[in-house]
Amino acid sequence: MQFAGSHILSVQQFQRDDVERIFAVADDMRPYAQRRRITRVLEGAILGSMFFEPSTRTRVSFGSAFNLLGGEVRETTGFESTAIAKGESLYDTARVLSGYSDVIAMRHPAEGSVGEFAVASRVPVINGGDGSNEHPSQALLDLYTINSEIAGRGGSIDKLRIAMVGDLRHGRTVHSLCKLLCLFPNVQVVLVSPLELRMPGEIVEDMRKSGLQVMESDVLEASIAHVDIVYSTRIQEERFSSQEEADLYRGRFRLNQSIYTSHCEPNTVIMHPLPRDSRDNARELDDDLNDNPNLAIFRQADNGVLVRMALFALILDVAEQVDRHARDVSWYTAGRF
Ligand code: NCD
């Protein structure tokens, strides 16, 4: 695809060589993301960051990624702080905000809303999550993490075995990840969820049509026995009609160190898009895994900055210029990574 000036709305816009290009640029961003070097390549550029749903990692890492390339961030969070609360349409908001920004990252609770916003925007828009639909930058950083974790263990995406666990019906990260994996036909996927929260049928069908081997299960232990990656997810309580309904499923699948030791192959990598729900009645990924070296969740979150820097560099067409605007940092940075 042509990255310069493009919106990033769905992983379905990528071919395999696009993904490889993003990952190669993300690799080049490491010295900047780790604050060993600084670059000013986006000096003067402005990211409009519009998050209409709660977000920690995605919002802050988009902002950090832009700052690390030398750009500035203008941010709005929640409907109540914008004119949408006064009845302004997404169309008008997009027309206005795109006059103040060079690129926009947006999260919104309604499926398709970020696409609708992009149609009216005069600058590229990156989907930071639209309802249950998609979360393309998360899927890219997840696949980037999968690749680096399993390469370090002698594996490759082409023979990947992965279990995705939890609320597969509402989880946009797993929707996007499954669609992205369609570019890798030899992958084996086990989808573990309560029956009511299964992966949407059309996504499963597309994976099978692309050649992937897909199994569905509602039992955790047997499903994680022969995989390279366990990708755990949170019950998406905000997508249920009531807390009582969400409570029916919360805590249904809990991975802890003892289940990991008894059922997983050695060195099985544990991932989660975060936030994990650490309340007592949930705990899909127990804190007792924190010292397990195969728990990749914080490396995964760190990789979000690399991948989002790569997306900005490609969309704003400066990937080749980053090093020309760079120098070493002068402050103390030891031990952070
Ligand atoms: C996810 C999301 O918002 O979809 N979080 C994230 O962006 N890392 C997952 C979640 O909220 O459960």
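**Helix packing and the ligand**

Mentor: The crossing of α3 and α12 is right-handed, meaning that the near helix is turned clockwise from the far one by less than a right angle. This is a predicted model, in which local features need pLDDT of at least 70 and side-chain atom pairs count only at pLDDT 80 or more, while totals for chains, interfaces and linings use all residues. Residues are numbered from 1 along each chain as its sequence is written, and side-chain values use heavy atoms, with hydrogens and water left out.

Trainee: Is α3 parallel or oblique to α12?
Mentor: Helices are DSSP runs (H or I, at least four residues), numbered from the N terminus. Axes are lines fitted to C-alpha atoms over the stretch in contact, and angles run from 0 to 180 degrees between N-to-C directions. The axes of α3 (residues 57–68) and α12 come within 8 Å and cross at roughly 50°. Under 35 degrees counts as roughly parallel, over 145 as roughly antiparallel, 65 to 115 as roughly perpendicular and the rest as oblique, so α3 is oblique to α12.

Trainee: How many residues of the contact of α3 with α12 are nonpolar?
Mentor: Contact means heavy atoms within 4.5 Å. From α3, residues including Phe62 and Phe66 meet residues of α12, among them Met309 and Phe312. Ala, Val, Leu, Ile, Met, Phe, Trp, Tyr, Cys and Pro count as nonpolar, Asp, Glu, Lys and Arg as charged, and the others, Gly among them, as polar. The contact has 2 charged, 2 polar and 8 nonpolar residues.

Trainee: What is the orientation of α1 relative to α12?
Mentor: The axes of α1 (residues 16–28) and α12 (residues 297–315) come within 8 Å, crossing at roughly 110°. That angle makes α1, relative to α12, roughly perpendicular.

Trainee: Which residues of α1 make the contact with α12?
Mentor: On the α12 side are Leu306, Val307, Ala310, Leu311, Ala313 and Leu314. On the α1 side are Arg21, Ile22, Val25 and Ala26.

Trainee: At what angle do α1 and α6 pack?
Mentor: Helix α6 covers residues 136–151, and its axis is 11 Å from that of α1. The packing angle is about 75°.

Trainee: How far is a polar side-chain atom of Arg172 from an oxygen atom of the ligand?
Mentor: Residues around the ligand, each with a heavy atom within 4 Å of it, include Thr58, Arg172 and Leu274. For Thr58, a side-chain N or O atom is 2.9 Å from a ligand oxygen atom. For Arg172, the distance from a polar side-chain atom to a ligand oxygen atom is 2.7 Å.

Conventions
Helix = DSSP H or I, 4+ residues; strand = E, 2+ residues; numbered from the N terminus. Polar contact = N/O pair within 3.5 Å; in protein donor to acceptor, adjacent residues only side chain to side chain.
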